[in-house]
Amino acid sequence: MGMCKPSGGKFDMYGPYRSNIPQIWSEKPNIRIDYYDEITGKLPQQRWFGPDGWAIWDRDWDHKNDHNNHKFPHDHYWDYTKPRGKERQEYGPEINMDYC
Ligand SMILES: [Zn+2]
């Protein structure tokens with residue numbers, strides 16, 4: 001059971017390059033937000049939201065990479081047992097194909 005077809009739907013959002021999707025909670029549960037650079041139309045980030053509306057998974061296609069140590073795309077999961085502001089965890093270079 002994956003999130004390949006988010007049952008709540010998929011939504012597009014546009015904003016500045018190298019920004020993140022601002023919200024970590026969605027009124028609509030089980031959705032995916034695709035975040036596009038408002039100028040180039042490139043896709044830097046996708047975020048999946050769970051049944052309670054909280055963000056559960058991110059896929060980063062591009063972001064700041066000063067040390068050139070990130071492979072793209074890569075995934076992050078959200079862990080709400082972590083302190084506020086640290087919920088988003090590094091997951092590594094692999095992408096989880098359950099999320100698409
Ligand atoms: Zn990242």
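This passage walks through the predicted model of a chain, from its overall build down to single residues.

Residues are numbered from 1 along each chain as its sequence is written. Since everything here comes from a predicted model, local features need a pLDDT of at least 70 and side-chain atom pairs count only at pLDDT 80 or more, while totals for chains, interfaces and linings use all residues. As for pLDDT itself, it is the predictor's confidence in each residue, on a scale from 0 to 100. The chain averages 90 on that scale, and 98% of the residues score at least 70. Confidence is lowest in S6, with a mean of 85, and highest in S2, with 97. Where pLDDT is low, the predicted coordinates should not be read in detail.

On to the overall build. The chain has zero helices and six strands, and so its pattern along the sequence reads β-β-β-β-β-β. Both kinds of element are DSSP runs numbered from the N terminus: helices are H or I with at least four residues, and strands are E with at least two. The C-alpha atoms fill a box of roughly 35 × 30 × 25 Å along the principal axes. For 100 residues, a compact globule would have a radius of gyration near 13 Å, and the chain agrees, with 13 Å. That radius is taken over C-alpha atoms, and the globule rule is 2.2 Å times the number of residues to the power 0.38.

How much of the chain is buried? Of its 100 residues, 17% count as such. Here a residue is buried if 20 or more other C-beta atoms lie within 10 Å of its own, exposed if 12 or fewer do, and partly exposed in between, with C-beta atoms placed from the backbone. Contacts are worth a look too: two residues touch if their C-beta atoms, again placed from the backbone, lie within 7 Å. Among contacts between residues at least 6 apart in sequence, 24% join residues at least 24 apart.

The six strands form an open sheet in the order S1-S2-S3-S4-S5-S6, with mixed pairing. Strand S1 (9-15) and strand S6 (88-90) stand at the edges with a single partner strand each, so one side of each has no neighbour in the sheet. On average, neighbouring strands are turned by 25° against each other, direction ignored. The angles are taken between axes, which are lines fitted to C-alpha atoms (for helices, over the stretch in contact), and run from 0 to 180 degrees between N-to-C directions. Strands of a sheet pair through backbone hydrogen bonds, either parallel or antiparallel. To count as a pair here, two strands need at least two bridges found by DSSP.

Strand S2 (residues 31-37) pairs with S3 (residues 45-49) in the antiparallel sense over four bridges, and Asp 34 stands opposite Gln 46 in S3. S3 and S4 also run antiparallel, joined by five bridges, and Phe 49 has Ala 55 in S4 as its bridge partner. The hairpin of S3 and S4 has five residues between the strands, and Gly 53 in this hairpin takes a positive phi near 90°. In a regular strand the side chains alternate between the two faces of the sheet. Both faces of S3 are covered: Gln 45, Arg 47 and Phe 49 are buried on one side, and Gln 46 and Trp 48 on the other. That makes five of its five residues buried.

In the loop between S1 and S2 sits Asn 30, with a positive phi of about 55° although it is not a glycine. Asn 30 counts as partly exposed because it has 18 C-beta neighbours inside 10 Å. Pro 22 is found in the loop between S1 and S2 as well, and is exposed, with 9 other C-beta atoms within 10 Å. Pro 22 and Tyr 35 are 13 residues apart in sequence and 9.9 Å apart in space, C-alpha to C-alpha.

The loop between S4 and S5 holds Asn 68, a non-glycine residue with a positive phi near 55°. Asn 68 is exposed, with 6 C-beta neighbours inside 10 Å. Pro 73 lies in the loop between strand S4 (55-60) and strand S5 (74-78), and the peptide bond from Phe 72 to Pro 73 is cis, with omega near -5°. The C-alpha atom of Phe 72 is separated by 7.0 Å from that of Pro 93, 21 residues away along the chain. Pro 93 is found in the segment after S6 and touches Lys 71 and His 74, leaving out residues up to four places away in sequence. With 12 other C-beta atoms within 10 Å, Pro 93 is exposed.
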